[in-house]
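This report is meant for a reader who is meeting the structure for the first time. Please look over the sequence and the model below before reading on.

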Amino acid sequence: MSTYKRTNTDHILNEISWKYPNVDEILTKFWLNQLIEQGIIPSPKVKTIGHMLRGKVCIVTGASEGIGEAIAKTLAIDGGAIVVLASRQLQKLQGITEYLCESGCSKSDVLALKCDVTDRNNVEDVVKTVLSHYGKIDVLVNCAGLMYYTLMKNLKVEEWSKQIDVNCHGTTNITGAVLPTMIEQKRGHILNITSDAGKRGFAGLAVYSGTKFYIEGFMQALRQEVLEYGIKITNIQPGDVSTKLASRSTDEEARSKYDFSNAGHSILDPDDVAKTVLHALAQPHHVAINEVLIEPQAAPI
């Protein structure tokens, strides 16, 4: 058996102050894509999820952190999609854009746009910008959302309003803005990150649950309206996910009584939700996944 060392390589790298790259899944995919693009190796003939989403223009709202960020990265890297990252936090979006480009995504296939979904004019401008860049919109992922633990008796009125504005008005605004394009195209997919709180009400989350029930009802009706135009609608309903969402609640009484995300069992990771989104979007045209309830195994509702 021969023994191979990289002593000489490490010596040279030290001299020129270069660091040996961490060979991980992202770097390996990048190398393979480069070999395929240069014609050194043939493109795989197996039909993969990535090939099915390649060239599709996907808008992801709330893409600056948490579930939205995970979805944007998964659609771009694993799905091969053209991804429009939309959020109020433009600086964070630019950082994610740089990460995606470093991971092998083309700069032309990633677009970061500042978007406040509660501002209808801003939303319409975002849609116009996307259409001017790419000429179409294939997928809308409604991920922008707020959640505050609050007891109704504690009258956290501002937190009620924020949830209703973003979750209800925001989802309605951006959906309405992309719908004419999808109808004209006679194709499209609107995917919403709702919640298990849209399936049943949770104490401490009365307003939040109400907003998610709104999205569920809104999308159930809309699904029937747009059927004739070849538009699909999917609701992904996660349970507790490891994000910063709950930590922004100011009602400590509500959190201490009803926030079980730190109960000691493993909860969902944003990537778990993102993989579910990719699965739903990658289905053939005749297959519609209407809803997926995804829960931590140790905490079924």
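## Salt bridges and a network

A salt bridge here is a side-chain nitrogen of Lys or Arg within 4 Å of a carboxyl oxygen of Asp or Glu. In this model, which is predicted, Glu65, Lys92 and Arg248 are linked in a network of such salt bridges, and the count under this rule comes to eleven.

## Overall form

The protein has ten helices and seven strands. Its radius of gyration is 21 Å, close to the 19 Å that the globule rule gives for 301 residues, so the protein is as compact as a globular protein of that length. Taken along the principal axes, the C-alpha atoms fill a box of roughly 70 × 50 × 35 Å, and buried residues make up 43% of the 301 residues.

## Domains and annotation

The domain assignment divides the protein into domain 1, covering 1–51, and domain 2, covering 52–294, and the C-alpha centres of domain 1 and domain 2 lie 34 Å apart. In an unreviewed entry, UniProt lists residues 56–239 as "domain: Ketoreductase". Over residues 56–239 the chain is 48% helix and 18% strand, while the end C-alpha atoms are 28 Å apart.

## A salt bridge within one helix

Which residue meets Lys73 in a salt bridge? The partner is Glu69, whose side chain meets that of Lys73 with an N to O distance of 2.8 Å. Lys73 and Glu69 are four residues apart in helix α4 (residues 66–77), and are therefore separated by about one helical turn. As a general point, an α-helix has 3.6 residues a turn, so residues three or four places apart point the same way. Lys73 itself counts as partly exposed, at 22% relative accessibility.

## Salt bridges between distant parts of the chain

The side chains of Asp138 and Arg187 also meet in a salt bridge, at 3.5 Å from N to O. This pair links distant parts of the chain, 49 residues apart, with Asp138 in the loop between α6 (120–134) and β4 (139–142) and Arg187 in the loop between α7 (157–185) and β5 (188–193). Asp138 counts as buried because its relative accessibility is 5%, whereas Arg187, with a relative accessible area of 36%, is partly exposed.

A further salt bridge joins Lys199 to Glu291, with the closest N and O atoms 2.9 Å apart. Here too distant parts of the chain are linked, since Lys199 is in the loop between β5 and α8 (206–225) and Glu291 is in strand β7 (residues 291–294), 92 residues apart. Lys199 counts as partly exposed at 37% relative accessibility, and Glu291 counts as partly exposed at 38%.

The side chain of Asn192 makes a polar contact of 2.8 Å with the side chain of Asn142, and another polar contact, of 2.9 Å, joins the side chains of Asn192 and Asn235.

## Helix α10

Helix α10 (residues 270–281) has twelve residues and reaches 17 Å from its first C-alpha to its last, which is close to the 16 Å expected at 1.5 Å a residue. At the start of α10, a side-chain oxygen of Asp269 reaches to within 3.0 Å of the backbone nitrogen of Asp271. The buried residues of this helix are Pro270, Val273, Ala274, Thr276, Val277, Leu278, Ala280 and Leu281.

## Loop residues with positive phi

Leu155, found in the loop between β4 and α7, has a phi near 50°, a positive value in a residue other than glycine. Leu155 is exposed, with a relative accessible area of 55%.

Lys186, which lies in the loop between α7 and β5, has a positive phi of about 60° although it is not a glycine. At 53% relative accessibility, Lys186 counts as exposed, because exposed means over 50% relative accessible area.

Notes: Residues numbered from 1 in each chain as written. Predicted model: local features only at pLDDT ≥ 70, side-chain atom pairs only at ≥ 80, totals over all residues. Heavy atoms only, no water. Helix = DSSP H or I, 4+ residues; strand = E, 2+ residues; numbered from the N terminus. Buried < 20%, exposed > 50% of the residue type's maximum accessible area, 1.4 Å probe, protein only. UniProt positions renumbered as here; feature names shortened; annotations may be inferred. Domains from an automatic or database assignment. Expected span 1.5 Å × (residues − 1). Polar contact = N/O pair within 3.5 Å; in protein donor to acceptor, adjacent residues only side chain to side chain. Rg over C-alpha atoms; globule rule 2.2 N^0.38 Å.
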